[in-house]
Amino acid sequence: MTLSGKAAIAGIGATEFSKESGRSELRLAAEACLDALRDAGLSPADVDGLVTFTADASSEIAVQRELGIPGLRFFSRVDYGGGAACGTVAHAAMAVATGQADVVVCYRAFNERSGHRFGQATASGRADSTGLEFSWHLPYGFATPAAWVAMQARRYMHEYGATSEDFGRVAVAMRRHAATNPKAWFHGRPITLEEHQASRWIVDPLHLLDCCQESDGGVALVVTSAERARDLPRPPVLINAAAQGTGPDQMMMFGYYRGDLAALPAIGNVGADLWRRSGLTPADVQTAILYDHFTPFVLLQLEELGFCGRGEAGDFIRDGGIEIDGRLPVNPNGGQLGEAYIHGMNGIAEGVRQVRGSSVNQVPDVRNVLVTAGTGVPTSGLILSAA
């Protein structure tokens, strides 16, 4: 059984994106869910499924109570941080396609700037296998996502001759896109490559502006059957393909004991499944939403997903390939570097807007959008298509 065309995203919703929401994470989740249901033309009484991240602080039953949902027939959580984003939609689509639920809301909400900040070093007190993985690295100060990505970025530079300026061009493009997006935190605030290069070091070779921002906010998506979605107010956005994946010897956010450190095999595996399940190729995609928590991993994703050859992403970006008018416009909303960091869920919402034709930075004639979740970790992806 394939999912292709059986389920659709019928509604998207979000809170404002800020640095201090002043509200609980549960309230942010409820606000985002209600906004998505309004967008879909549905009510909480129509919902019988909820999906979120393992990392989300708001349980499904707590959100059920806040929204006034009578009862749930399906609930699920997806692990591995930002790698869960597209996985939530995959779980929801499977539930709808198999009849376990009729209307599923996927949500993610947090105060990641005013509350717990993911980018800071913390000691892992986890008494599980993931805690064991971290125990090989944390005692030596190898303790932040920026450090883990920096190690792979330096190897990529060594292998293929990429430069800090190549990474910087990603940041400049994302901030340029965000500058014309009124809902983006960095609306009206583009940057230059010179400003990127002058920003302070975080972990060599990463500057401050290579790292995504920290945000407070929430995003929600409504998934239902394609047939039902056609009767709702918004144009249905079909879930053409969905996939989750890991790479060989996969670890949490770092994988330094496998062969090629200048690669992201998990997202390569996800991409291969997306192309196979959808019957599409990279040439059939008009715009891509690539998880941009750190700029170097945008280059690696372009290569893993087949938009350019191995080691060619620097040239692709230097030629303007990821700009709005480029060969593959990437993150027209500004991504997590420019709009907000909501663990990739705001990227899925932008993918929906692009297929609907309603984005503030609309790419012409969009039929298919590829969306990725967090990379480095076990990850997931989607291809969203017009009905």
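Predicted model: local features only at pLDDT ≥ 70, side-chain atom pairs only at ≥ 80, totals over all residues.
Helix α9 contributes the largest share of the lining of the largest cavity, namely 3 residues. Residues are numbered from 1 along each chain as its sequence is written, and side-chain values use heavy atoms, with hydrogens and water left out. Helices (H or I, at least four residues) and strands (E, at least two) are DSSP runs numbered from the N terminus.

Grid points are joined across faces, edges and corners, and a volume is the space filled by probe spheres set on the points.

The structure holds 2 cavities of 30 Å³ or more. The volume of the largest cavity is about 110 Å³. Its lining comprises 16 residues, of which Gln-250, Arg-258, Pro-265, Ala-266 and Gly-376 are the closest to the centre. By class, this lining has 9 nonpolar, 5 polar and 2 charged residues, where Ala, Val, Leu, Ile, Met, Phe, Trp, Tyr, Cys and Pro count as nonpolar, Asp, Glu, Lys and Arg as charged, and the others, Gly among them, as polar.

For the second largest cavity, the volume is about 80 Å³. Among its 13 lining residues, Ile-289, Leu-290, Asp-292, Gln-336 and Gly-347 are the closest to the centre. At least two lining residues are supplied by each of α12 (335–338), α13 and β10 (368–372). The lining of the second largest cavity has 4 nonpolar, 8 polar and 1 charged residues.

Strand β1 (7–14), α1 and α13 each supply at least two lining residues, with the largest share, 5 residues, coming from α13. The pocket lining has 7 nonpolar, 7 polar and 9 charged residues.

Side chains of opposite charge can pair when their charged atoms come close. A search of the whole structure finds 23 salt bridges (a side-chain nitrogen of Lys or Arg within 4 Å of a carboxyl oxygen of Asp or Glu). In helix α13 (residues 345–356), Glu-350 and Arg-353 are 3 residues apart and therefore separated by about one helical turn; their side chains form a salt bridge at 3.0 Å, N to O. Glu-350 is buried, with a relative accessible area of 2%, whereas Arg-353 is partly exposed at 22% relative accessibility (buried, under 20%; exposed, over 50%; partly exposed, in between; 1.4 Å probe, protein chains only).

Helix α1 (residues 25–40) contains both Arg-27 and Glu-31, 4 residues apart, about one turn of the helix. Their side chains meet in a salt bridge (2.9 Å, N to O), and Glu-31 is partly exposed at 25% relative accessibility. Glu-16, Arg-23, Arg-27 and Glu-31 are linked in a network of salt bridges.

Methods:
1 Å grid on protein atoms, 1.4 Å probe; cavity = no way out; pocket = protein on both sides within 12 Å on 5 of 7 lines; lining within 4 Å.
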